[in-house]
Amino acid sequence: MLKQSASRTLSVVIPALNEEKSISFIIEGCKPFADEIIVIDGHSIDQTAIIAENLGVKVIFDNKKGKGDALRCSIPHITGDIVVFIDADGSHTPEEIPMLIEPIVANEADHVTGSRLIGGSSEFHGGFDECFRLMGSSFITACINWKFKVRISDSQNGFRAIRTSVLRRLDLKENITTIEQEMIIKTLKNGFRIAEVPTHEHRRIAGYSKIDIKKVAFRYVYSLLKYLFR
Ligand SMILES: Nc1nc2c(ncn2[C@@H]2O[C@H](COP(=O)(O)OP(=O)(O)O)[C@@H](O)[C@H]2O)c(=O)[nH]1
Ligand SMILES: [Mg+2]
């Protein structure tokens, strides 16, 4: 467990927009592994920020532009050597954090992404929306693999670990969830090492997804082409 390691420290960053039903579960789950927890609140209209503050973690607010903006807002506040991004809705398992950071701790990778395609998902299959997301995600992943001669299976998961020094060099620009593929492409483009570990994606504990894939599909294609070829 990294928290006990004298040489490296771990920050956990949790983007949260109206996740009052699950935020305490995620914060408490992350505490045993984290030296620092930062919740980036999207100006939730429920109790999310208050619950987080009462649990003694750092709470900051995004610019109301989306999850990508929220993750970017966290960067100046991170003090750990390694950062783990984990969603607030209960889709990711805090107990998997040690496995996620292991390739970085072993100096085999600079950025590790959790894969629901290997680890399984209880949220990614079944309906037309999920089908569209899965097809889009697989296509984008294949483009990234082709361009950089790598073999990852999931380019869109929000559960990832990255060296803070590397994160700061990526010059991230995306405001929405396209930040996940931007992080991966820019990691590879800058010559940093990427690894993937299987992580399971659970159904969100409560509430609904904030992402309307039909509204943002164009941005996915545009940002893919932009970061792959520019
Ligand atoms: N701060 C912040 N968090 C967000 C925003 N949009 C989504 N999130 C959080 O990002 C995580 C992933 O979002 P979610 O809606 O579950 O997307 P999905 O898992 O792709 O369906 C959740 O913890 C959300 O609460 C936002 O605009 N601001
Ligand atoms: Mg989710």
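With 230 residues, a compact globule would have a radius of gyration near 17 Å, and the protein chain agrees with this because its own value is 16 Å. This radius is taken over C-alpha atoms, and the globule rule is 2.2 Å times the number of residues to the power 0.38. The C-alpha atoms fill a box of roughly 45 × 40 × 30 Å along the principal axes.

The structure is a predicted model, in which local features need pLDDT of at least 70 and side-chain atom pairs count only at pLDDT 80 or more, while totals for chains, interfaces and linings use all residues. Residues are numbered from 1 along each chain as its sequence is written, chains are lettered from A and ligands numbered from 1 in the order in which they are written, and side-chain values use heavy atoms, with hydrogens and water left out.

The protein chain has nine helices and seven strands. These are DSSP runs numbered from the N terminus: helices are H or I with at least four residues, strands E with at least two. Of the 230 residues, 53% count as buried. Buried means under 20% relative accessible area, exposed over 50%, and partly exposed in between (1.4 Å probe, protein chains only). Among contacts (heavy atoms within 4.5 Å) between residues at least 6 apart in sequence, 74% join residues at least 24 apart.

Helix α4 covers residues 97-105, and its buried residues are Ile97, Leu100, Ile101, Pro103 and Ile104. They lie on the same side of α4, because they cover an arc of only 140° around the axis; the arc is that of the directions from the helix axis to the C-beta atoms. The buried residues of α4 pack against β1 (10-16), α1 (23-30), β4 (82-85), β5 (111-115), β6 (160-163) and β7 (194-198). Just after α4, Asn107 has a positive phi of about 55°.

Two other residues can be set side by side.

| Residue | Relative accessible area | State |
|---|---|---|
| Thr199 | 1% | buried |
| Arg230 | 69% | exposed |

Thr199 is in the loop between β7 and α9 (213-229). Not counting residues up to four places away in sequence, Thr199 touches several residues, including Met99 and Leu100, as well as Gly114, Asn157 and Phe159.

Arg230 is in the segment after α9. Leaving aside neighbours within four places in sequence, Arg230 is in contact with Lys189 and Leu225. From C-alpha to C-alpha, Arg230 and Ile23 are 38 Å apart in space, and they are 207 residues apart in sequence.
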